[in-house]
Amino acid sequence: MNTFSRGPFPATRMRRVRRHDWSRRLVAENQLTANDLIWPVFVFDGIGRQPITSLPGVDRLGTDQIESMAQTACDLGIPAIALFPATESALKTEDAIEAINPDNLVCRTVRKIKASVGDSLGVICDVALDPYSSHGQDGLVHDGYVINDQTVTVLTQQAIVQAEAGCDIIAPSDMMDGRVKAIRIALDAAGYTNVQIMSYAAKYASSFYGPFRDAVGSSGNLGTASKNTYQQDPAQGNEALHEVALDLAEGADTVMVKPGMPYLDIVSRVKTTFGVPTFAYQVSGEYAMLSAAAERGWLDREKVVLESLLGFKRAGADGVLTYFAAEVAQWIRDSH
Ligand SMILES: NCc1[nH]cc(CCC(=O)O)c1CC(=O)O
Ligand SMILES: [Mg+2]
């Protein structure tokens, strides 16, 4: 640092390197590319596309849309997608048994993607019971309480049917204790030693998930109930590091923090503490918020979305799950 004084003038002029675009590009510490994006995709058992009111611009995709979506992701250089099924209510039960049906919607979708684009695209599947349960909770409910160990048994079976279908990354989002270890053991025993586990390690009981629950149709099932007895309290910071430490010890390959923007402090602490591949989920409510303001002309959609994603990179995220993924990848491409 230049502290040499030249009378009344500032010795150090921070603005010098900001003067021209070439110089700003030259000193840039962070950069957003398509390689940083994971695209969450909703699917339903039918034909065509279904709009989701609280996620304007995001559609549920029917079975005839899957191959073209996968091809789009590949063409845009997006490394991976995350699949979420909107299960018909007739298939939702108290015990969420459809979750372990090897021929359920998610498994059929994974097979279709793998048959069309193979290893050009990573496929991530959520492990949790909420898309399949009549109560909308992520686990089995007994006397009004989500029971841990019995749920973990079902989750391991869910992970196995997804791996069998060709899923590359199992992503437990349920927040049960000990599920990463149980899933790793089950995957290895079934011969899926190379299937990764991306743990939703620090997942908060957030009100930003509302539109997602509309998208998978679980909000009606959940009603006014909360997930506060298993997802983390937003007041907690250190507890997130404890959660991540446990999941890494249990065999998680990569970890995730969720939601994103209100939790960038957690992303930063996880990355600096553990130095492992760290992902953040810019969740449905964050998408809805930015989209709504842009729709009203209050914010510039492209500029605020790119700025928000660069913020994740600066905080230390190696990648971001975002509903803006395809649009952003296209913007990045168009800017070259
Ligand atoms: N366990 C399911 C799951 N996986 C991802 C999200 C939320 C994603 C989003 O809001 O975009 C949720 C919802 C929840 O926990 O209630
Ligand atoms: Mg945990």
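Student: Why is Lys-203 called buried?
Tutor: A residue is called buried if 20 or more other C-beta atoms lie within 10 Å of its own, exposed if 12 or fewer, and partly exposed in between, with C-beta atoms placed from the backbone. Lys-203 has 27 C-beta neighbours inside 10 Å, so it counts as buried.

Student: And what are we looking at here, in terms of numbering and confidence rules?
Tutor: This is a predicted model, in which local features need pLDDT of at least 70 and side-chain atom pairs count only at pLDDT 80 or more, while totals for chains, interfaces and linings use all residues. Residues are numbered from 1 along each chain as its sequence is written, and chains are lettered from A and ligands numbered from 1 in the order in which they are written.

Student: How confident is the predictor in the protein chain?
Tutor: pLDDT is its confidence in each residue, from 0 to 100. The mean for the protein chain is 96, with 98% of residues reaching 70 or more. The model also scores ipTM 0.97 and pTM 0.96.

Student: Back to Lys-203: what does it touch?
Tutor: Contact takes C-beta atoms, placed from the backbone, within 7 Å of each other. Not counting residues up to four places away in sequence, Lys-203 touches Ser-173, Met-175, Gln-231, Gln-232 and Lys-258. Lys-203 itself is found in strand S9; strands (E, at least two residues) and helices (H or I, at least four) are DSSP runs, numbered from the N terminus.

Student: Which residues does UniProt give as "active site"?
Tutor: An unreviewed UniProt entry places that feature at Lys-203 and Lys-258. They are spread over 56 residues of sequence, yet they cluster in space, with a largest C-alpha distance of 4.9 Å. Bear in mind that UniProt positions are given in the numbering used here, feature names are shortened, and annotations may be inferred rather than shown by experiment.

Student: What makes Lys-258 buried?
Tutor: Its 24 C-beta neighbours inside 10 Å, so Lys-258 counts as buried. Lys-258 sits in strand S10, residues 254–258. Beyond its neighbours within four places in sequence, its contacts are Tyr-200, Lys-203, Tyr-204, Ala-280, Tyr-281 and Val-283.

Student: How do you know that the bond between Lys-258 and Pro-259 is cis?
Tutor: Omega there is about -10 degrees. Most residues other than glycine have a negative phi, and most peptide bonds are trans. Pro-259 is in the loop between S10 and helix H9 (264–274).

Student: What about phi at Met-175 and Ala-96?
Tutor: Met-175, not a glycine, has a positive phi of about 65 degrees, and Ala-96 has a positive phi near 55 degrees. Met-175 is in the loop between S8 and H5; Ala-96 is in the loop between S4 and H3. Met-175 has 24 other C-beta atoms within 10 Å, so it is buried. Ala-96 is buried as well, because it has 27.

Student: There's a "binding site" annotation too; which residue does it cover, and is that residue buried or exposed?
Tutor: The unreviewed UniProt entry has it at Glu-243, which lies in helix H8. With 23 other C-beta atoms within 10 Å, Glu-243 is buried. Leaving aside neighbours within four places in sequence, Glu-243 is in contact with Ala-201, Ala-202 and Gln-232.

Student: Why is strand S4 called largely enclosed?
Tutor: Six of the seven residues of S4 (residues 80–86) are buried, so the rest of the structure largely encloses it. Two strands pair if DSSP finds at least two bridges between them. S1 (residues 37–44) and S4 run parallel with seven bridges, and S4 and S5 run parallel with four, so both pairs pass that cut-off of at least two. Val-41 stands opposite Leu-83 in S4, and Ala-82 has Ile-124 in S5 as its bridge partner.

Student: What makes the unit of S4, helix H3 and S5 right-handed?
Tutor: The term applies if, with the strands pointing away from the viewer, the path from the first strand over the helix to the second runs clockwise. S4, H3 (residues 105–117) and S5 make such a right-handed β-α-β unit.

Student: How do you know that the radius of gyration agrees with a compact globule?
Tutor: The radius is taken over C-alpha atoms, and the globule rule is 2.2 Å times the number of residues to the power 0.38. For 336 residues that rule gives near 20 Å, and the protein chain has 21 Å, so the two agree. The C-alpha trace spans about 75 × 40 × 40 Å along its principal axes.

Definitions and conventions: Two residues are in contact if their C-beta atoms, placed from the backbone, lie within 7 Å.
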